Amino acid sequence: MASYTVNTLAQQQEMLEKIGAESLDSLFTAIPETLKLKRPLSLPLAQSEFAVAKKMKELASLNEVFNVVLRGAGSEKHYIPSVVRQLSGREEFVTAYTPYQSELSQGILQSIFEFQTGICELTGMDASNASVYDGASAVAEAVNMTIDRKRNVVLLPDNLHPHTLATVKTYTRWANIELKTVKSVNGIIDIPLLKDLLNDTSACLVIQNPNFYGLIENVSELSDVVHSVGAKVIVSSNPMTLGLLKSPREAGADIAVGEAQPLGMSMAFGGPYLGYMATVSEMVRRLPGRIVGQSLDLDGKRVFTLTLQAREQHIRREKASSSICSNQAHCALIAGMYLAAMGPHGLREVAVQSSSKAHYLAEQLSLIGFKLRYDGPFFHEFVTDGPLTSVTVETVLHKRGILSGLPLGENGMLWCCTETVSKHDIDRTILILKEVLA
């Protein structure tokens with residue numbers, strides 16, 4: 001205990017005497033002995049600040065930084081404008097706390113409101129929440145929004161991101177919700193197979209667009225089929241693609257969700273990331289988490305406040321549809337700043353560059369013997385098979401400072417390009433692989 005607090009042994013003893021306790025151990029008598037650790041922890045002795053800093057630098061030097069990243073699968077390397085990095089790191093933003101007292105939290109509330117506005121403009125939806133933990137939990141929360149007593153069957157395509165599938169299964173494991181798998185054909189959702197599964201117990205269909213294999217789904221046609229039986233459509237989109245593709249609302253979605261990491265956040269070893277959620281006005285009261293609204297004060301000035309809190313678990317308790325009552329405030333701030341800095345033209349440019357470079361990489365790979373697994377349209381990710389094993393490709397490129405696509409089985413690989421990849425990077429990658437094939 002003394003090793004982890006600034007209190008001296010004398011101070012600890014004084015505090016124990018104040019509360020009438022004999023020892024620190026006496027504070028934990030309610031814990032059964034069988035649950036207590038009997039052996040000392042194997043921890044190093046305390047060190048000076050200089051020694052600790054030196055050790056941390058040594059550990060950090062073991063990290064390998066790739067200058068060229070050709071991997072996505074839910075985490076992408078995008079250029080982050082300096083203005084976003086600088087402003088989001090200011091102390092008034094990184095030290096802000098839960099904005100329950102709106103009169104003291106106008107700054108953080110406005111930042112959330114601006115994020116919500118940007119998400120609505122991207123997705124075409126009427127309302128957005130203040131964000132959830134990540135893209136996978138956003139899908140799971142959206143599924144919960146569609147469930148009622150008569151409709152409890154959720155349709156999940158097998159081309160969703162594996163993490164999304166796992167998260168939805170975890171969320172629904174002990175609920176009265178039935179999950180059914182929709183088979184894909186040539187990498188995309190097969191409409192005849194979907195129709196066979198739809199009926200009056202169907203609550204929703206989840207569509208990832210582009211899907212895990214990078215392919216673009218026909219969301220409009222799928223939405224028409226699902227709506228014909230009264231079920232809802234949840235579209236999970238990479239927000240960066242919405243600078244070019246039709247918005248989820250335009251394609252018929254009832255709920256738009258996704259992982260917002262591409263909007264100004266680094267890959268950061270896998271997190272923290274940011275789940276966005278938006279929906280049509282008819283379903284806004286089912287949105288989980290916080291929603292920041294805009295109003296006027298007594299002087300007619302623009303003000304911000306948390307709204308629709310009657311949906312929340314800390315108010316409705318067991319009647320609430322979600323237990324989330326927090327949000328990724330700082331990540332949402334970063335995303336809002338990124339959207340403001342880039343603007344519509346900037347987002348479109350990133351989308352065009354990412355898609356164009358991915359198609360160039362696919363073309364060049366096909367010229368040296370790699371085959372596209374699927375022949376459908378793709379955005380900035382695609383899957384290839386052979387002629388080298390995925391382990392060989394990953395190892396060879398790794399040695400040259402290039403992070404390859406994500407291995408999928410023995411010969412498969414999921415490639416990704418963003419605006420950070422140059423034509424020179426792609427040509428160099430092809431040249432390296434040619435050398436191996438020679």
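**Entry 1: strand β3 and its partner**

I looked up the residue across from Val153 in this predicted model. Val153 stands opposite Glu178, which belongs to β4. I then traced the pairing of the two strands: β3 and β4, the latter covering residues 178–182, run in the parallel sense and are joined by five bridges. I recall that strands in a sheet pair through hydrogen bonds of the backbone, in either the parallel or the antiparallel sense.

Next I asked how many residues of β3 are buried. The strand covers residues 153–157, and five of its five residues are buried. I sorted these residues by face. Val153, Leu155 and Pro157 lie on one side, while Val154 and Leu156 lie on the other.

**Entry 2: a four-stranded sheet**

I turned to the open sheet with the strand order β13-β14-β17-β16, and noted that the pairing is antiparallel. Which strands stand at the edges? I found β13 (371–372) and β16 (406–408) there; each has a single partner strand, so one side of each is left without a neighbour in the sheet.

β13 is joined to β14, residues 381–385, by two bridges, and the two strands run antiparallel. For Lys371 I located the bridge partner in β14, namely Asp385.

**Entry 3: helices across the sheet**

Helix α11, residues 329–367, lies across β13, β14 and β17 (412–416), and I recorded an angle of about 10° to β14. Helix α12, residues 390–399, lies across β16 and β17, running at about 45° to β17.

**Entry 4: the chain as a whole**

The C-alpha trace spans about 80 × 55 × 55 Å along its principal axes. Of the 438 residues, 48% are buried.

I also looked up the contacts with a separation of 6 or more: residues 24 or more positions apart account for 69% of them. Finally, I compared the places of the charges. The chain has 40 positive and 45 negative charges, and their mean positions are 2 Å apart.

Note on methods. Residues numbered from 1 in each chain as written. Predicted model: local features only at pLDDT ≥ 70, side-chain atom pairs only at ≥ 80, totals over all residues. Heavy atoms only, no water. Pairing = 2+ DSSP bridges. Contact = heavy atoms within 4.5 Å. Axes fitted to C-alpha atoms, helices over the stretch in contact; angles between N-to-C directions. Buried < 20%, exposed > 50% of the residue type's maximum accessible area, 1.4 Å probe, protein only. Lys, Arg positive; Asp, Glu negative; His and termini not counted. Charge placed at Lys NZ, Arg CZ, Asp CG, Glu CD.
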